[in-house]
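Visitor: Could you take me through one part of this model up close? I'd like to hear about the aromatic residues and what surrounds them.

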Amino acid sequence: MSATNGIEEAVAAAFREQWGQVVATLIRVTGDWDLAEECAQDAFAQALDHWRRDGVPRRPGAWLTTTARNRALDVLRREAVGAAKLREVAVLARDEPSYDAGDDGDDSGVRDDRLRLVFTCCHPALPIEARVALTLRTLAGLTTPEIARAFLVPEATMAQRLVRAKRKIRNAAIPYRVPPAHLLPERTTGVLGVIYLLFNEGYAATTGADLVRSNLCAEAIRLARVLARLMPDEPEVLGLLALLLLHDARRHTRVDAAGDLVTLEDQDRTAWDRAEADEGAALLETALRRGRPGPYQIQAAIAACHTTAPTAEDTDWADIAALYGELARFVPSAVVRLNRAVAVGMSEGTEEGLGLVAELEAEGDLAGYHLLPATRADLLRRSGRTKEAAEAYRRALELVENDAERRFLERRLAECRSA
């Protein structure tokens, strides 16, 4: 590996690991979301040149935060916003970026800038779609096109949502904090949704070379743990953490050494993280004992069906199909119905599954979603209708954005052609 490539990889790794913390800290002390993102981007750009010349610093996050702080100071000086604001930004001059924001009027007892960022983004004054999108942009560093694909909307639509959300936070003077206990329930749904989508983008990236972005999975689990400590009696919070852990237990087996996708039925179950899976199962049991089922608990129960099956053949697909039917009562989305179609196809027969897929195709809500034709293709392949399956795989290939998934679909297409 060349020195240049090594530095580029170091900067890319720092971006994955530090972006959210740098931006969250800058937002706290400047109060300016656009300035925070601009200064963070500038810091990462500078890192390419400086680290190539001076080497990768011992604490990349501290270097990036200090550099971003200096950039913010320069901008604020030029704009003459006042000495008080400059003193606030100067807090960032510490060598090590702090994960403890100190006593700044936040009475929640939580000193975590990134969790504060999530709660600020999830203020009830913002539409739910804007809450999730803004957090994915600022906390995870996802691009506007990536977020648009995750929401299945045009890029221009998503860009407008992000602009409007930032303007709303500024104009309404929404505080940057974890709210006090009596206000937590009204934010819970949005916060859980953000953490869930953050994990999903890490577990199955919408675009790029890698199927799995481990840093996003780890950050989502970290935030879910903090939230569970904050709200230990809320079953859906426990259900979400259980769901993430049950999925994450299988994460390392989702791709092979070459980075190619490995389907659930072909994964090495002996390599799953049993400790993580057991923790998730225990949390799910605790949540269910509360007697208030919700969508995250149901999804965790589905994940547990897969994780506890000794072999793929032992999977209780009928139970999974029933759970997806229950989930559809809470989340009546086409994606949930597509997942149920898979489970029905595996439990009742491929023709029943294909019938449900055909209904979704006719409705058109998932037009442009590559997993719709990919699901049809898999059910056709399992039924031996390889010619039709090949055509469905070709359609899925026209829509897929992730390189690992594309290679998987190409392999399946080749298998159908040679059958």
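Guide: Let's start with tryptophan 63, which is partly exposed at a relative accessible area of 22% (buried means under 20%, exposed over 50%, partly exposed in between, with a 1.4 Å probe and protein chains only). Keep in mind that this is a predicted model, where local features need pLDDT of at least 70, side-chain atom pairs count only at pLDDT 80 or more, and totals for chains, interfaces and linings use all residues. Residues are numbered from 1 along each chain as its sequence is written, and side-chain values use heavy atoms, leaving out hydrogens and water.

There are 5 aromatic pairs, counting rings of Phe, Tyr and Trp (its six-membered ring) with centres within 6.5 Å; planes under 30 degrees apart are stacked, over 60 edge-to-face, the rest tilted. Tryptophan 63 and tryptophan 51 have ring centres 5.5 Å apart and planes at 70°, so they sit edge-to-face. Tryptophan 51 is in helix α2 (residues 33–54) and tryptophan 63 in helix α3 (residues 60–79), so the pair ties together parts 12 residues apart in sequence. Helices here are DSSP runs of H or I, at least four residues, numbered from the N terminus. Tryptophan 51 itself is buried, at 2% relative accessibility.

Now for another pair: tyrosine 196 and tyrosine 296 have ring centres 5.5 Å apart and planes at 70°, so this one is edge-to-face too. Tyrosine 196 belongs to helix α9 (residues 184–203) and tyrosine 296 to helix α13 (residues 295–308), so the link spans distant parts of the chain, 100 residues apart. Tyrosine 296 is buried, with 12% relative accessible area. Elsewhere, Phe15, Trp19 and Phe44 make up one aromatic cluster.

Technical notes:
Helices (H or I, at least four residues) and strands (E, at least two) are DSSP runs, numbered from the N terminus.
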